[in-house]
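Let's take a friendly walk through a structure together.

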Amino acid sequence: MEKENAKKYGMVIDLDKCTGCGACMVACMAENNVPFREDETDKLLSVSWMRVYRLTNRKPFPDTEECFLPRPCQHCEGHHGHSPCVSVCPATATDYDMDTGIVSQIYPRCFGCRYCMAACPYHVRQFNWWDPIWPDGMERMLNPGVSVRMRGVVEKCSFCIQRYQAAKEQAYMEERREIEEDEYQTACTEACPAGAIIFGDLNNPEHAVHQIARPDPKHEGRSKNPRAFRLLERLGTNTKIYYLSSRDWVRKAGDNYLKDELKGKTHS
Amino acid sequence: MDSALIPKGVKRCPIGQFLLWIGANGAVLSWGVFAMLLIYIKGLNQTNMNNAYGFALWIWADLAVIALGGGAFFTGFLRYIVGKDEIKNIINFAVLIGVICYTSALLILGFDVGQPLRGWYIFWHANVHSMLTEVAFCLSAYLIVLIIEYVPVVLENRQIDKVPFFHRLGHNMHEIMAVFAATGVFLSFFHQGSLGGVPGVLFGRPFGYREGVFIWPWTFFLFTWSAAAVGPCFTILITKLTEKITRKKLVKDNVIELLAKISGWMILFYITAKIADTVYWATVTAPSKGFTFMQFYTDNPGSLYGLWILILEIGICGVLPAFILITNKGRKNQATLLLAVFLAVLGVCLNRWVMVLQVLAIPVLSFESWATYLPSWQEIATTILPVAYGVIMISTSYRYLPIFPQEQELNPIDEPASEAQSAEPEPETTDAGPEPELSPAES
């Protein structure tokens, strides 16, 4: 049950602005102490909380178009917090926070059964197949606000929750109850040179994400913005990442449609 | 050398031959243990699993052996709850197979998790909404029940039975076995079902997801039903295999045929429900998520997950064995009986395979593609490990315990006069001396 005054942090990612530069991925890895290996050829073994997909319209030249789609954790709410991954974890090692709408991961409690990975259709959950090995001296560069993860546990994007905690502490020190929009921003949002990623409280009408996404609470947060779509909305995952695109084929790529549905249909 | 431990009135091969057999299987077992140690020490990077295939060969093996071990709870149900008396002649073996299957499942789960030392968190920090939590609780509890069911058989060993305490314990345990059988049925219903629920509740994975009743997806009931239906087929298959290896008839035909008949009707009902489920899923569930039925079976690498897999699972390994087993002629003919139980076993294994691996292989995001997976040798070795362990368990139990109550009657041996007259109860007649090779005539 959603609490009164509860926040619902989410993102709007404007795909018309994204250039696929990958700055969001780099910033995310640096902020969250995401481990990497010497050979990262096999991306299915990599840990990457933020991944940028390259989409094409599959048309031959000169009609070829492409689009870059950054994919953080979608922080699914499902029906009343019944996220695909949270509900299946046997050890309560992942949680849907009704106060913030953030799906968290408790690393010391995860025992690595990987059921959550099977449940997530977005592949945002990744497994630590190896213990992290940091290049000499890099230990000193790690973010002290984020614990490093050991071999055998699952990890994923946390919406840089350590920044939320820091902002809350700061507000507390200043005897404030609420934090401002710019006090809590994710690393990827700050790093995006094109300003394609916007982050904030979807429940707060003063926040940019709310104004752009215009979520409809009567339809599980479906956007009223005709340019906006969410990934795999039909599955009922009720995600908090809204994508914007002026191109019809990009919006259609966000979900699966039957042939007759595709005829002249634009997702809204 | 070990004749004192061998049940009276039955013949066993010489100890040397037995040890050679155990040694060969022990070598395979050691290979598996070596691979298991590698996994424990170096981690799951020893496998070919990846972030797309978080579940793979091991989870399939878990689901398959638990389904096949379902013969234990279902024969227990038939013997103690329904009251089918003939089943008593095969129930010991069914329980033994159940013990092997369930210990194997727990063994595999032990190294399938990334942090094995935290395995107890599933009980300590249990999430009651997770199907896996239910599986862990019921599976552990049922293994205890299976061991309780197996202990009286162990206590019937000639030497153990001589101890008055164990003799009385075994007798009293037999008396109350119906209680444990009923408990086993209850626990099995839930964990077999919950294993079906594992893919069934994945609403982010349209291939596995099913609607259902309250919190239980249809796969919950289909998995329970299929385990109850096919478990006895596996018991029959292993019994026949044991008969072939020992070159003896161990269970009377009427017992096998009764079990086969019940199994046949169970498979028929199961496969009817499975077809109905598949039709509803293909025409209603999947399209509501934007998927066509054929999307799940086309455009995958090497047609590994082509439509053939569904035809094989439902038609050849479902409908066909069901119709063979429900006919008197099909059951009485050894060739068709064996074919039917083999196909049924293959069918349930195939079902578990697609409900684990195909679920993960299919791309859900429209811009992703099919994921492929080939197990590493470490995964294969550790999956073969339980097979070698099972062979050793069956061989040892068969040698020293009265697993098959009808063996003596079906394979009468001439007791040497010296044994009959001797005051010593353990003459070296069963395997001592130059015992001739077992011949088909003994069967």
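Predicted model: local features only at pLDDT ≥ 70, side-chain atom pairs only at ≥ 80, totals over all residues.

A compact globule of 268 residues would have a radius of gyration near 18 Å, and chain A has 19 Å, so the two agree. Along the principal axes, the C-alpha atoms of chain A fill a box of roughly 55 × 45 × 40 Å. Inside chain A you can find eight helices and twelve strands. Of its 268 residues, 46% count as buried. Now think about contacts in chain A between residues with a separation of 6 or more: 59% of these come from residues 24 or more positions apart.

Next, look at where the two chains meet. Here 42 residues of chain A are in contact with 39 residues of chain B. Which element gives the most to the side of chain A that touches chain B? That is H3(A), with four residues. By class, this side of chain A has 28 nonpolar, nine polar and five charged residues.

Finally, turn to two helices of chain B. The axes of helix H2 (residues 57–68) of chain B and helix H4 (residues 88–112) of chain B come within 8 Å and cross at roughly 165°. Angles over 145 degrees count as roughly antiparallel, so H2(B) is roughly antiparallel to H4(B). The crossing in which H2(B) passes H4(B) is left-handed. Among the residues that meet here are Trp58(B) and Val65(B) in H2(B), and Tyr102(B) and Ile108(B) in H4(B). The residues of this contact of H2(B) with H4(B) comprise eleven nonpolar, one polar and two charged.

Terms used
Residues numbered from 1 in each chain as written. Chains lettered and ligands numbered in written order. Axes fitted to C-alpha atoms, helices over the stretch in contact; angles between N-to-C directions. Parallel < 35°, antiparallel > 145°, perpendicular 65-115°, else oblique. Left-handed = near helix turned anticlockwise from the far one by under 90°. Contact = placed C-beta atoms within 7 Å. Nonpolar A, V, L, I, M, F, W, Y, C, P; charged D, E, K, R; others polar. Rg over C-alpha atoms; globule rule 2.2 N^0.38 Å. Buried ≥ 20, exposed ≤ 12 C-beta atoms within 10 Å, placed from the backbone.
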